[in-house]
Protein chains: 2
Amino acid sequence: MVKKQLIMEKASELFAKQGFKSTSVQQITEHCGMSKGAFYLSFNSKDELILALIEQYIRQATANFDYIVNNVNKERLLYDFYQETYHFFYKHANIAKIIIRETQYFSEELINKIRYYDRLNEKIIITMIERLYGDTVKDSKFDLLYCIKNFMTMYADLILFDNMELDIDILSRSLAEKTNLLANNITISFITEKQFELLNYKIDVEITKEEVIDVLEQSMEEMEESIVKESLMLLKQNLHEDKFSIAIVKGLIENIRNHPDCEWSTYLLRMYYQL
Amino acid sequence: MVKKQLIMEKASELFAKQGFKSTSVQQITEHCGMSKGAFYLSFNSKDELILALIEQYIRQATANFDYIVNNVNKERLLYDFYQETYHFFYKHANIAKIIIRETQYFSEELINKIRYYDRLNEKIIITMIERLYGDTVKDSKFDLLYCIKNFMTMYADLILFDNMELDIDILSRSLAEKTNLLANNITISFITEKQFELLNYKIDVEITKEEVIDVLEQSMEEMEESIVKESLMLLKQNLHEDKFSIAIVKGLIENIRNHPDCEWSTYLLRMYYQL
DNA sequence: TATAATAATGACTGATCGGTCAATTGTCAA
DNA sequence: TTGACAATTGACCGATCAGTCATTATTATA
């Protein structure tokens, strides 16, 4: 629905400027040129709107990072990873601002969602670390995870709140160098695996069949008939019946991979089938 | 005034738990066991309260860091610096939470105040970097600054929002190692001095005589007669007339240095007289 | 004890908010 | 052109909030 997208765009602008709590539904609808009532035809509440905004953002980021970590060759990997990070900040500055500064006012449900996605992201970063450095970072793996997560947000303030134009090429190269320096030389580890897993921080996230089916159905909604839609339907069918070979499944996933509404479906399917 | 401190304490608890916007003045006064009207005898508005809370926090942090950077020997410096950082988080977790997550809802005035203090802090960190590494980090100085600032908040979430008990000794040692590693090996610098100063980020902060006098007067308020109070009065007098030698001034500053209400005065005086 | 001065109270105001719903407008098939 | 249906509106509701101020309680003073 176009209406929904319009609201999400205008709302993210206002939220970023004034904060979630300080932006009224009235204001949002005024900026959209519609009445207040119309808002509640697209969303059941203000909370549902912020949830949709944030979920869209995090899902896309996660899917992008996962693709890079699993497909870019080792020499370019760190560079591409940081480049994607900061490009994403520029592209989605408004929503990034909200997530960074407003978690206080989110519902319990939304906070748990964010936590869930954060763990998926940590899993992806750990995969990257293992691909790049293997066993040599066995002890410092989780220290590195925290460093990388911090490098990712290190200059975010400059982009988001100072509107600085950063040279993302040099930035990515310098962060890649820093990461390599630390990975190859750390001797004192702070976060051990035990500690990491101990405190509710388990990195293993189960992806259930029902969850995947749910997201596939969401992707199919409002999509015109096409190869992509048919692939989605077949993939959904296979989750129910499991009749296709893994090669067919993989091919079907390739079909949907580049469709803008299928990023999250692609990611979940790849996780589910462990491709 | 005791009342004011009580309000600040209870309010910081509630703000940290529910957020600034979601905590009503009514709630605060209920937690203090007083009426709503009584609140407005201590503060003119809710904004004045948050300003007082944050200013107290940042001033104390800045004064502490400044002392460490200028007085601890080079071998222990980084370790002590990070230790102080994380001890401070534990001690003032409530206010730290507010500052990290709520800047959206602060007034323009308060945001500018925070920016001002942030620059003082950057100045202190740069001083530390120069003391530790001298000319060898000429080009990467500002990159290091950002790294250190990030190391300082790297594990803050674990303390503030996950209530984890961290081993600050190992933590400080591991962060000191990381800092040294980067300082001694960085070849690609991202933030140049030019760039740093270009964008309204001038690190030089003027401290005016009037500002110092103001803060001295604040420190004197509600202080019983004592050597400390007399020293404060003499220091204030000297700012007006400038009749004491620098040795006397330094001695007077030593007198007030350890009084809990004089941390900020001490810092400003030391900056003003360049001691 | 009487009186003045000060401290503390909480009902009240006006404004804003998220969300609802009866009324209005727009659409389109017959 | 009509009438049935769907989309859209905005006045309205109950709730909450920051801040005020006439009133009351407490303390100091004479």
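Visitor: What makes helix α7 and helix α8 of chain B a packed pair, and how are they set against each other?
Guide: Two packed helices are described by the angle between their axes and the distance between the axes. Here α7 (residues 108-133) and α8 (residues 141-153) of chain B pack at about 115°, with axes 10 Å apart. The axes are lines fitted to C-alpha atoms, for helices over the stretch in contact, and angles run from 0 to 180 degrees between N-to-C directions. The helices themselves are DSSP runs of H or I with at least four residues (strands are E runs of at least two), numbered from the N terminus. By the way, this is a predicted model, where local features need pLDDT of at least 70, side-chain atom pairs count only at pLDDT 80 or more, and totals for chains, interfaces and linings use all residues. Residues are numbered from 1 along each chain as its sequence is written, while chains are lettered from A and ligands numbered from 1 in the order in which they are written.

Visitor: Which residues of α7(B) and α8(B) meet?
Guide: From α7(B) come B:Glu122, B:Ile125, B:Ile126 and B:Ile129, and they meet B:Lys141, B:Leu144, B:Leu145, B:Ile148 and B:Lys149 in α8(B). Contact means C-beta atoms, placed from the backbone, within 7 Å.

Visitor: What makes that contact of α7(B) with α8(B) nonpolar, polar or charged?
Guide: Ala, Val, Leu, Ile, Met, Phe, Trp, Tyr, Cys and Pro count as nonpolar, Asp, Glu, Lys and Arg as charged, and the others, Gly among them, as polar. The contact residues divide into six nonpolar, no polar and three charged.

Visitor: Is A:Tyr133 buried, exposed or partly exposed, and how do you know?
Guide: Buried takes 20 or more other C-beta atoms (placed from the backbone) within 10 Å of a residue's own, exposed takes 12 or fewer, and partly exposed is in between. A:Tyr133 has 18, so it is partly exposed. A:Tyr133 belongs to helix α7 of chain A.

Visitor: How many residues of chain A and chain B are in contact?
Guide: 29 residues of chain A touch 29 of chain B. On the chain A side, α10(A) gives the most, with nine residues.

Visitor: Which residues are closest to DNA strand C?
Guide: A:Ser24, A:Ser45, B:Ser35, B:Gly37 and B:Ala38, out of 14 that surround DNA strand C. There, α3(B) gives the most, with four residues.

Key
Contact = placed C-beta atoms within 7 Å. Near = placed C-beta within 6 Å.
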